[in-house]
Amino acid sequence: MPQSEALQKIISNMETVIVGKREVIEYALITLLSDGHLLLEDVPGVGKTTLGKALAQSIQCSFARIQFTPDTLPGDVTGMSIYQMQTGEFRFVPGVVMNDILLADEINRTSPKTQASLLEAMEERQITVDGRSMPLPALFMVIATQNPVEQLGTYRLPEAQLDRFMMKISMGYPAKEREETDIVRRALNGEAVKQLAPVTSRESILAMKKEIQDITVHDDIMNYAVEIARNTRKSRYLTLGASPRAAIALVRAARSRAYLEGRSFTTPEDVAALAQPVLLHRLILSAQARLEGKKEKDVLQEAMRAAKVPVL
């Protein structure tokens, strides 16, 4: 089966449970293909957890979900060594990160110490327990969710950890009434996500990741992404702009978008289309910007307008 056809099958499969959110599904797939991690921030009940489950179940891979609470420990995430009285030895019990896709539900409800336990896993794709480093699965991806409404009993993700997420997106409410009615109808027939069957394999996704490395990225495309990132750092409306890591993430995502659309080369449109989900959560407004009513989106659009769009 051609790889582009396999990707379309994944999208179609997920659309059976994620109604009217094709763009969101594509963002999730692009993140997976780019070796990135995804942060879903939205109000309760719009399908954040369902999106993560649907992506994992559409691929024949290992999957784990952890519900973060204030008393969740780092060992619950990474694993821990447990003493065996029968043998007198310590045995390592793997944590939830030892899976291809990890759904970290309500990540802002757990303590900073437990949040930090994901940092090494997300960046280095390995964990260290009792001085012993262990690699994570090649397909490893974190899909984290958080609720921006409730603040009591939550711990805001620090900028260092936000920067580890390739994209931060929102689901949003259904755009049309008939879409919401369709969601209710499907829910009455049972939890549709449990009925999803895999439409591709883990090995197929890993093969796609290798093929993506052959997608042509012209130097002008790289310069375009870098210029956008640099323009955010020059803005007087930001105390923190996009880092070089952000520019790398933007180019990687653009390359995966080209692959998703069946092209062998990236375009400026790939970069422009992904600038917001890749860069917005990395920007911090200055006091002056808040006084003037500026939003991160406004500043990013200014940075994009100031960048020279390459003509290929």
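Two residues are counted as in contact when they have heavy atoms within 4.5 Å. On that basis, residues 24 or more positions apart account for 78% of the contacts with a separation of 6 or more in this protein, which is a predicted model.

**Overall form**

The protein contains 14 helices and 13 strands, and its C-alpha trace spans about 70 × 45 × 40 Å along the principal axes. Of the 312 residues, 49% are buried.

**Packing of H10 against H12**

Helix H10, which covers residues 219–234, packs with helix H12, residues 268–279, at an angle of about 30°, and the two axes lie 10 Å apart. Because angles under 35 degrees count as roughly parallel, H10 and H12 are therefore described as roughly parallel to each other. The crossing in which H10 passes H12 is right-handed.

From the side of H10, the contact is formed by Ile221, Tyr224, Ala225 and Ile228, which meet Pro268, Val271, Ala272 and Leu279 of H12. The residues of this contact divide into eight nonpolar, no polar and no charged.

**Two aspartates with positive phi**

Most residues other than glycine have a negative phi. Against that background, which aspartate in the loop between strand S7 and strand S8 has its place there, and what is its phi? The residue is aspartate 130, in the loop between S7 (126–129) and S8 (132–135), and its phi is near 55°, a positive value in a residue other than glycine.

Aspartate 35 likewise has a positive phi, of about 60°, although it is not a glycine. Its place is in the loop that runs between helix H2 (22–33) and strand S1 (38–41).

| Residue | Relative accessible area | Class |
|---|---|---|
| Aspartate 35 | 38% | partly exposed |
| Aspartate 130 | 63% | exposed |

Since exposed means over 50% relative accessible area and buried under 20%, with partly exposed in between, the value of 38% places aspartate 35 in the partly exposed class, whereas aspartate 130, with 63%, is exposed.

Definitions and conventions
Residues numbered from 1 in each chain as written. Predicted model: local features only at pLDDT ≥ 70, side-chain atom pairs only at ≥ 80, totals over all residues. Heavy atoms only, no water. Axes fitted to C-alpha atoms, helices over the stretch in contact; angles between N-to-C directions. Helix = DSSP H or I, 4+ residues; strand = E, 2+ residues; numbered from the N terminus. Parallel < 35°, antiparallel > 145°, perpendicular 65-115°, else oblique. Left-handed = near helix turned anticlockwise from the far one by under 90°. Nonpolar A, V, L, I, M, F, W, Y, C, P; charged D, E, K, R; others polar. Buried < 20%, exposed > 50% of the residue type's maximum accessible area, 1.4 Å probe, protein only.
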